[in-house]
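User: I'd like to learn how to read helix packing in a model. Could you walk me through an example?

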Amino acid sequence: MSMEVITIARAQQIAKNQGIVPGRVKGTEGVQFTKGNNPRIEPISWEEFIAALEKRNLAIFATGSWMKIMNKPSE
């Protein structure tokens, strides 16, 4: 299976099913998904998460239920 860019709505579904939330690495602009038990990552709202993705030109890629945040593909 190859990784494909997914919508925020699809990412929210996957996150809900996996019990994960968007988060920010403390002291940085880095974002990732978290279960909320890592002291270096603070959970953030989806709105903050989306803003961070847009600011940094990032997209959410998925294969099955595995998600990764990477640079948006060039068009």
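This is a predicted model: local features need pLDDT of at least 70, side-chain atom pairs count only at pLDDT 80 or more; totals for chains, interfaces and linings use all residues.

User: Which hand does the crossing of α1 and α2 have?

Analyst: Right-handed, as α1 passes α2. On the α1 side, I8, A11, Q12 and A15 make the contact, and on the α2 side W46, I50 and L53 do. Sorted by class, that contact has six nonpolar residues, one polar and no charged ones.

User: How do I read which way a helix faces?

Analyst: The general idea first: an α-helix has 3.6 residues a turn, so residues three or four places apart point the same way. Now the case here. Helix α2 covers residues 46–55, and its buried residues are W46, F49, A52 and L53. Looking down the axis of α2, these fall within an arc of 125°, so they line one face of the helix.

User: And which residues are exposed on the other side of α2?

Analyst: There you'll find E47, E54 and K55.

User: What about the backbone after α2?

Analyst: Check the phi of N57, which follows α2: it is positive, near 60°.

Key
Residues are numbered from 1 along each chain as its sequence is written. Side-chain values use heavy atoms; hydrogens and water are left out. Buried means under 20% relative accessible area, exposed over 50%, partly exposed in between (1.4 Å probe, protein chains only). Helices (H or I, at least four residues) and strands (E, at least two) are DSSP runs, numbered from the N terminus. The arc is that of the directions from the helix axis to the C-beta atoms. A crossing is left-handed if the near helix is turned anticlockwise from the far one by less than a right angle, and right-handed if clockwise. Contact means heavy atoms within 4.5 Å. Ala, Val, Leu, Ile, Met, Phe, Trp, Tyr, Cys and Pro count as nonpolar, Asp, Glu, Lys and Arg as charged, and the others, Gly among them, as polar.
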